[in-house]
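Hello,

Please have a look at it first, and then read my notes below.

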Amino acid sequence: MSGPVVPQHARELAQAARRVLVLSGAGMSAESGVPTFRDAQTGLWHRYDPAELATPQAWARDPGLVWAWYEWRRSLVAACQPNAGHRALAEWARIAEMSVVTQNVDDLHERAGSAVVVHLHGSLFAHRCDSCGAPVELPVPDQAEISGRLAPPVCVHCTGRIRPGVVWFGEALPAGALDEAMTQIEASDLVMVVGTSGMVHPAAALPGLAVSAGVPVVEINPNPTGLPADVHWPVTAAVGLPALVDQLG
Ligand code: OAD
């Protein structure tokens with residue numbers, strides 16, 4: 001089977017790069033079966049808008065609904081596997097210095113073998129108490145058992161509620177996450193922007209920061225986004241990344 005044609009400029013930049021920074025978004029995990037944020041939701045959650053569930057206001061108003069939605073997503077992600085794009089990045093790390101900064105709250109980069117330096121929007125697998133902040137590990141729930149609402153567990157230290165370890169709209173990013181991402185970008189000689197719509201700030205400003213710092217940017221996304229890049233390659237992550245890494249040999 002023949003793969004896609006890798007744009008020549010993307011190939012040259014990738015071949016020359018010693019330090020690569022990958023900025024990934026939900027499209028990175030789409031071919032693993034994780035719906036992107038701006039896809040319509042299906043099944044149990046088709047009536048809800050993710051942008052309305054992912055807020056401190058929704059948590060205050062209806063914690064059982066918000067907790068059930070995140071537990072449902074956690075069990076969905078746990079049942080998914082890294083795709084060929086995640087695996088290609090892990091392979092690339094064997095020949096170049098590679099840092100992954102992701103907006104994704106899944107753990108698919110890690111499971112493919114990549115070290116993620118920053119989860120800009122937190123993680124589905126890092127719960128904490130919403131009162132005292134104590135971290136909590138919980139077994140992955142059975143998706144079939146999640147219907148409607150689920151009461152969030154109570155903190156054993158302070159009786160606060162356990163909340164998802166993600167960043168909600170209106171909340172600050174994890175301490176130091178943005179600075180670390182910016183430092184990594186400025187120290188790299190290629191930024192790969194993969195599967196992000198560029199609609200959520202401050203993450204959406206990072207490709208522009210790379211351009212201002214003189215670092216070349218290659219974007220992989222089947223749809224146009226308006227993000228600045230030297231090469232816009234309209235291809236999916238699981239098709240484009242393996243084809244690119246294949247040329248690095
Ligand atoms: P979005 O859902 O906004 O955008 C997904 C992007 O992936 C779109 O530009 C698609 O064209 C692209 N895409 C779809 N399938 C793809 C594939 N197979 N390969 C490559 N690209 C593909 O997701 P994000 O940009 O990650 O924040 O969204 C940013 C943030 O908004 C999320 O982290 C989340 C959300 O609200 C918080 O929860 C704080």
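Which atom of the ligand is 2.8 Å from an N or O atom in the side chain of N221? An oxygen atom of the ligand sits at that distance from N221. The protein covers 91% of the 790 Å² of accessible area that the ligand has on its own. Please keep in mind as you browse that this is a predicted model.

**Around the ligand**

H121 places a polar side-chain atom 2.7 Å from an oxygen atom of the ligand. E31 has a polar side-chain atom too, and that one lies 2.9 Å from a nitrogen atom of the ligand.

If you then look at the surroundings as a whole, you will count 21 residues around the ligand.

Next, please turn to β2, which spans residues 97-102. Five of its six residues are buried, so to speak "mostly covered". Strand β1 (residues 19-24) pairs with β2 in the parallel sense, over six bridges. Within that pairing, V22 has V100 of β2 as its bridge partner. β2 also pairs with strand β3 (residues 116-119), again in the parallel sense, here over three bridges. In this case V101 stands opposite V118 of β3.

**Strands β4, β5 and β6**

There is also an open sheet of three strands, with antiparallel pairing and the order β5-β4-β6. β5 (135-136) and β6 (162-166) are at the edges and have a single partner strand each, so one side of each is left without a neighbour in the sheet. β4 covers residues 122-129, and its antiparallel pairing with β5 runs over two bridges. To find the place on screen, look for H127, which stands opposite V136 in β5.

As background, strands of a sheet pair through backbone hydrogen bonds, either parallel or antiparallel.

Best wishes

Definitions and conventions. Residues are numbered from 1 along each chain as its sequence is written. This is a predicted model: local features need pLDDT of at least 70, side-chain atom pairs count only at pLDDT 80 or more; totals for chains, interfaces and linings use all residues. Side-chain values use heavy atoms; hydrogens and water are left out. A residue is near a molecule or strand if one of its heavy atoms lies within 4 Å of it. A polar contact is a pair of N or O atoms within 3.5 Å; within protein, one must be able to donate a hydrogen and the other to accept it, and residues adjacent in sequence count only if both atoms are side-chain atoms. Accessible areas come from the Shrake-Rupley method with a 1.4 Å probe; for residues, only the protein chains shown count as cover. Two strands pair if DSSP finds at least two bridges between them. Helices (H or I, at least four residues) and strands (E, at least two) are DSSP runs, numbered from the N terminus. Buried means under 20% relative accessible area, exposed over 50%, partly exposed in between (1.4 Å probe, protein chains only).
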